[in-house]
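Visitor: I would like to learn how to read a few features of a protein model. Please take them one at a time.

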Amino acid sequence: SSGVKNFVPVADKGMLTIASFMIAVIMGRTLGLEQFGTFTYIWLILLFFSGIHHALVIKPIKTVKSLLTQSENIAYRNSLNKAQSFIGLTSGVLTILFLLLPFPIHGRLSVIEVLLSGLTVTTFLRYTFVRKSADSSVSLIAGVLFTYGAMLTTLAGLSKLGKLNLQNAF
């Protein structure tokens, strides 16, 4: 029914918004002012690359996909998948390079923090692509689980390294 079809995108967006808000609350409660500023700075980098990714990969999915036959759609999705992989990896590498520059905004980051930031940007862009290009509920759920699994692994890795105390977050 159309009610269920209209509810699923709203529920998906709602879950994403709530998860993003909760991550910001957890980070804000566990990090000091300087570290939270660093987190916010990295988040802005992610949003910058997300805008480029949206213009080059996501928007074409939404506009062209419905005009193609099924065989053309598969070929088109494969080519966009390659473009997404290239943009995602490039964005992750550029994030790493950008964070290695000696800017006073983000202070001194450890190598692991820089690498995890690059991984987060790459993973987030992949998740966005999977969400927008999924042809079935199974591929959509797999994409969501992959992304949030990678994010939780990142947070757990920071906690294990002593960079983040998750016990104080809740």
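Visitor: Which helix holds Ser91?

Guide: This is a predicted model. In it, Ser91 lies in helix H3.

Visitor: What span should helix H3 have, and what distance separates its end C-alpha atoms?

Guide: Helix H3 covers residues 70-100, which is 31 residues, so at 1.5 Å a residue it should span 45 Å. Its end C-alpha atoms are 44 Å apart, which agrees.

Visitor: Is Ser91 buried or exposed?

Guide: Buried means under 20% relative accessible area. Ser91 has 4%, so it counts as buried. Other buried residues of H3 include Tyr76, Leu80 and Ile87.

Visitor: Which residues does Ser91 contact, leaving aside its neighbours within four places in sequence?

Guide: They are Phe49, Val121 and Leu125.

Visitor: How is a pair of aromatic rings described?

Guide: One gives the distance of the centres and the angle of the planes. The count here comes to 2 aromatic pairs. In one, the ring centres of Phe48 and Phe49 are 5.3 Å apart and the planes stand at 65°, so the pair is edge-to-face. Phe48 is exposed, at 52% relative accessible area, whereas Phe49 is buried, at 9%. Phe124 and Tyr127 form a tilted pair, with 6.5 Å centre to centre and 45° between the planes.

Visitor: How far apart are Phe124 and Tyr127 in helix H4?

Guide: An α-helix has 3.6 residues a turn, so residues three or four places apart point the same way. Phe124 and Tyr127 are 3 residues apart in helix H4 (residues 111-133), which means about one helical turn separates them. Both Phe124 and Tyr127 are buried.

Notes. Residues are numbered from 1 along each chain as its sequence is written. This is a predicted model: local features need pLDDT of at least 70, side-chain atom pairs count only at pLDDT 80 or more; totals for chains, interfaces and linings use all residues. Side-chain values use heavy atoms; hydrogens and water are left out. Helices (H or I, at least four residues) and strands (E, at least two) are DSSP runs, numbered from the N terminus. The expected span of a helix is 1.5 Å times one less than its number of residues. Buried means under 20% relative accessible area, exposed over 50%, partly exposed in between (1.4 Å probe, protein chains only). Contact means heavy atoms within 4.5 Å. Rings of Phe, Tyr and Trp (its six-membered ring) pair if their centres lie within 6.5 Å; planes under 30 degrees apart count as stacked, over 60 as edge-to-face and the rest as tilted.
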